[in-house]
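We will go stop by stop, with something to pick at each one.

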Amino acid sequence: MEPAEEPSASGSLGWNRATAMLALLSFAMLVVSLDQYIVVVALPDIARDLGYSAQTLQSVISAYAVASAGFLLFGGRAADLLGRRRVLVTGLALYAGAALAGGLATSAGMLLAARAFQGLGGAFVFPTTLALINTAFAEGRARNRALGIWGGAGAAGLVIGVLLGGLLTQAFGWQAVFLVNVALAGPALLLAFVVIPRDGAREEGRDFDLPGALSVTSGVTLVVLALVQGPGWGWLSPAVLVSAAAGVLLIGAFVVIERRSEDPLMPPGLFSNPNLVTGVVIAFMFMATFGSVLYFLSLYFQEVLGYDALQTGVGFLVPTAVVVAGSAVAGHLVTRFGLRRTLSAALAVGALGAVALGLTISPDGSYAELVPGLVALGIGDGVVFTAMFIAAATGVADRDQGIASGIAATGSGAGAAVGLAVLVLVATAGLEGLSGEELRTATAEGISTTLFVVAGGIALTFLVAVSRCPTPPPPVPGVVPYQTRRC
């Protein structure tokens, strides 16, 4: 890919080709982030029209999550080797086409297939947008600011998805939560040909490592499938045990393949970079904690407080604004204070927010009581989301930014699957056999307990951020040394 026009040395973005790319890539990130939660508030209507049971309804969410998590490494490496614009437009096309199929679905099976292909499209788009930003903006202040905008779009998309899902479901029916993605991804696909420079010729001597790609993609997909479906199928059910065992064996085969490959899918030198390792660990724990809260808040609003889809969406206006603001300033905070201080402070605030929410959630609670906790949690959410991807990109050569982005994104996807699986067990413990007011009260208590568990998980993430202080990695050709490598 031809280099984009460089931002100024001061770190000011200005308006040039690189900034136009940033606007498009941030919008693309917003689009794929929306889909993780836009269907949550529409699930009751989907179940009624397509015949899902209470036990199978979660598959509408998990079909996307499994496909997305399984193919993130594949998508990231494909961006490095096949061309980042090619992979981005392919992902957007898959995403838009699958969204159209989902909106037109007339059966549960058709909808699940559409959701899986949407996840595949998202797995191409997510790491590619991140890699394009990391190569268009020099490491340091300019990249931090750019990732702040990109991260703000991604973090906001998670929350806006719930709001938009409520509005669309209330006004037009559940089909609209899929069809809106066609209207959003379509223009982004066309603009990519205009804004993003044409991909250059493939670098000679670099292979795609197809055996490695197939083994790790299949392995991660099967492990995530087992984690996602464990609560519904039973952790000791044959399907879950076979999926988990086969996934672990395939990941083991991937390690062997990589050691023998002349051009491995995942260059082993990447893991000598402490910033990438720390970023991946925090991404995993972030999505297992912060990333799961929206699901339980949506249940609380609808199942306990009795909100309809529109009211539930409106209830997320406050956290949306806070998350966007936190993500937008995160790059500036990292530039000024460094990664460790920024992450530690944001995680501390987020943990306090989770505790505050756990204390205020009750069967007779009010929205006003939730606001302080929502604000604190939103600050932590927004800042950490951006900062963890800044960490993962620091010290990585341009030629490997795609796979590094895929590794970080895979960590976040796996964290989302593990976190939701564990927290659903916590939230639903003791609900079996209850109904009416007893069920409503027990649901509130379960969600409250879940928020305390989330706070504990964020506290563990805080310890990781404090203890795993990044140290300067060896110099990398084409990468400018920068203060974010130091505490």
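**Before you start**

This is a predicted model, in which local features need pLDDT of at least 70 and side-chain atom pairs count only at pLDDT 80 or more, while totals for chains, interfaces and linings use all residues. Residues are numbered from 1 along each chain as its sequence is written, and side-chain values use heavy atoms, with hydrogens and water left out.

**Stop 1: the core**

Select Ile46 and Trp150. Of the 132 residues in the largest nonpolar core, these two touch the most other members. A nonpolar core here is a set of buried Ala, Val, Leu, Ile, Met, Phe, Trp, Tyr and Cys residues joined through side-chain atoms within 4.5 Å. Buried means under 20% relative accessible area, exposed over 50%, and partly exposed in between (1.4 Å probe, protein chains only).

Next, colour residues 274-304, which form helix α10; this helix gives the most to the core, with 16 residues. Helices (H or I, at least four residues) are DSSP runs, numbered from the N terminus.

A second, separate core has 5 residues, including Ala78, Val87, Leu120 and Phe124.

Now go back to Trp150 and show its surroundings. Which residues is tryptophan 150 in contact with, leaving aside its neighbours within four places in sequence? They are Leu25, Ser26, Met29, Phe126, Thr129, Leu130, Ile133, Phe385 and Phe389. Contact means heavy atoms within 4.5 Å.

**Stop 2: serine 292**

Stay on helix α10 and pick serine 292, which is found there. Serine 292 is buried, with a relative accessible area of 1%. Its side chain reaches the backbone oxygen of methionine 287 at 3.5 Å. Beyond its neighbours within four places in sequence, serine 292 is in contact with Tyr37, Met287, Ala416, Gly419, Leu420 and Leu423.

**Stop 3: two helix pairs**

Two packed helices are described by the angle between their axes and the distance between the axes. The axes used here are lines fitted to C-alpha atoms, for helices over the stretch in contact, and angles run from 0 to 180 degrees between N-to-C directions.

Angles under 35 degrees count as roughly parallel, over 145 as roughly antiparallel, 65 to 115 as roughly perpendicular and the rest as oblique. The α10 and α16 crossing is left-handed, meaning the near helix is turned anticlockwise from the far one by less than a right angle.

Then switch to helix α8 (residues 210-233) and helix α15 (residues 401-428), whose axes come within 7 Å and cross at roughly 20°. These two helices are therefore roughly parallel to each other, and the crossing of α8 and α15 is left-handed. To see where they touch, show Val220, Val224, Leu227, Val228 and Pro231 in α8, which meet Thr410, Ala417, Val418, Ala421 and Leu425 in α15.

**Stop 4: isoleucine 403**

Remain on α15 and select isoleucine 403, which is found in this helix. Is isoleucine 403 buried or exposed? It counts as buried, at 0% relative accessibility. Leaving aside neighbours within four places in sequence, isoleucine 403 is in contact with Leu73, Gly76, Arg77, Asp80, Leu265, Met266, Pro267 and Leu270.

**Stop 5**

- Threonine 443 has its place in helix α16; at 13% relative accessibility, threonine 443 counts as buried.
- Leucine 333 lies in helix α12 (residues 317-337) and counts as partly exposed at 25% relative accessibility. With neighbours within four places in sequence left aside, leucine 333 is in contact with Gly338, Thr342 and Val383.
- Arginine 141 is found in helix α6 (residues 141-172) and counts as partly exposed at 42% relative accessibility. The C-alpha atoms of arginine 141 and asparagine 273 are separated by 20 Å.

How values were computed
A polar contact is a pair of N or O atoms within 3.5 Å; within protein, one must be able to donate a hydrogen and the other to accept it, and residues adjacent in sequence count only if both atoms are side-chain atoms.
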